[in-house]
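Please consider the structure shown below with attention to its charged side chains and its nonpolar surface. The paragraphs after it lead from one to the other.

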Amino acid sequence: MDRKHLLIISLLVLVLQDTTGLESQGQAYPLVVATWPFKDAVRAAWRSVHERGSSAVDAVIDGCSACEELRCDGTVGPGGSPDENGETTLDALIMNGTTMEVGAVAGMRFVKDGIKAAKLVMDRTEHTLLVGEMASIFAILMGLPGPTNLSSSESIEKWTNWKRNQCQPNFRRNVFPENSCGPYHLRGEKLNSCREAEGKLKLHSNLVGQHNHDTISMAVIDKWGRIAVGTSTNGATFKIPGRVGDGPIAGSSSYADDEVGACGATGDGDVMMRFLPCYQVVESMRQGMEPQRAASDAISRIARKFPTFVGAVVAVNRNGVHAGAFHGWTFQYSVMNSTLDDVEIITVVP
């Protein structure tokens with residue numbers, strides 16, 4: 001056999017190897033991964049991407065919308081996590097890992113469909129993020145229902161009990177209340193009226209836990225291998241009005257790139273957004289890290305600076321390999337693909 005024939009055979013072997021690799025990767029598609037055991041939300045995304053053949057972006061919208069409607073753990077959608085004024089507001093983000101387009105809303109009032117409002121920002125504007133009441137007006141003008149009272153009997157009861165407890169715990173620090181629930185003043189201002197309160201009240205406490213910070217962050221890989229991520233949350237319970245956490249921040253709560261993979265995060269957003277953990281995860285995978293190592297590395301970077309923070313990330317590469325990492329609490333995430341009969345809940349171990 002001459003050298004020409006040997007060369008042709010070698011090329012054919014390489015082509016067959018590449019094809020086999022693509023088929024092996026394709027077995028992982030479609031795939032849905034989400035923070036926490038939000039099974040119904042994952043099932044909704046799975047029906048969208050698997051049964052109806054929807055795109056990754058549309059499947060994320062369907063999954064997160066289901067979680068908003070179900071008010072997952074009271075921390076997603078309307079009716080939960082009142083702020084200091086007793087009001088519920090929404091944060092949400094959608095990211096297309098093919099085009100790198102992002103749409104997000106933050107502190108949105110009077111509109112219950114956070115993730116759909118985020119998609120409208122991505123699809124109908126050149127912007128990335130709209131905030132507050134103007135985000136609400138935009139969403140309503142684009143056809144979403146509203147204005148709607150986002151509070152519920154449960155959220156009002158929670159807020160009322162908090163007020164009875166002298167508005168403790170809260171997210172204030174280095175300030176003193178003129179009365180038990182404010183207004184608050186800097187040290188030294190109106191000192192006489194604050195001295196009694198200073199002696200009685202502890203103004204800051206760790207309010208972060210699974211049932212007041214369990215944001216849904218979802219990643220979907222569709223049958224074409226396209227990746228999208230989304231996040232929806234009603235934020236931290238008893239937050240200072242106007243506070244925006246990591247939910248609507250690309251690279252913090254979630255991030256996706258078709259060339260690499262995706263990440264979703266949950267936890268103390270005020271700390272985590274300072275590190276952009278999901279951007280870190282995806283970029284670490286781009287440099288060759290496996291999802292488990294990339295997730296652990298991103299969490300450890302935060303823990304070194306803030307040893308008492310609580311949070312977690314879930315990472316998935318473009319081949320469908322997934323893993324999670326956490327600090328300060330027990331973390332679970334949900335997975336669905338064609339090899340499973342139903343959503344699988346994975347408890348991440350240290």
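The following paragraphs treat salt bridges and then a surface patch.

This is a predicted model, in which local features need pLDDT of at least 70 and side-chain atom pairs count only at pLDDT 80 or more, while totals for chains, interfaces and linings use all residues. Residues are numbered from 1 along each chain as its sequence is written, and side-chain values use heavy atoms, with hydrogens and water left out.

The structure contains 14 salt bridges, a salt bridge being a side-chain nitrogen of Lys or Arg within 4 Å of a carboxyl oxygen of Asp or Glu. One of them joins the side chains of Arg43 and Asp40, at 2.9 Å from N to O. Both residues belong to helix H2 (residues 39-51), where Arg43 and Asp40 are three residues apart, about one turn of the helix. Helices (H or I, at least four residues) and strands (E, at least two) are DSSP runs, numbered from the N terminus. Arg43 is partly exposed, because its relative accessibility is 26%, and Asp40 is likewise partly exposed at 41%. In these terms, buried means under 20% relative accessible area, exposed means over 50%, and partly exposed lies in between (1.4 Å probe, protein chains only).

A second salt bridge is formed by the side chains of Glu84 and Arg172, at 2.7 Å from N to O. This pair links distant parts of the chain, 88 residues apart: Glu84 is in the loop between helix H3 (56-70) and strand E2 (90-96), and Arg172 is in the loop between helix H6 (153-164) and strand E5 (175-177). With a relative accessibility of 10%, Glu84 counts as buried, whereas Arg172 is partly exposed at 22%.

The side chains of Glu259 and Arg286 also meet in a salt bridge, at 3.6 Å from N to O. Because Glu259 lies in the loop between strand E9 (254-257) and strand E10 (261-267) and Arg286 in helix H9 (residues 277-286), the pair ties together parts that are 27 residues apart in sequence. Glu259 is exposed, with a relative accessible area of 59%, while Arg286 is partly exposed at 32%. Asp257, Glu259, Glu283 and Arg286 are linked in a network of salt bridges.

Met134, Ile137, Leu141 and Met142 make a nonpolar surface patch of about 420 Å². Patches consist of residues with over 30% relative accessible area and no salt bridge; like charges are joined within 9 Å, and nonpolar side chains (Val, Leu, Ile, Met, Phe, Trp, Tyr) within 5 Å. Accessible areas come from the Shrake-Rupley method with a 1.4 Å probe, and for residues only the protein chains shown count as cover. Ile137 lies in helix H5 (residues 132-141) and is partly exposed, at 37% relative accessibility.
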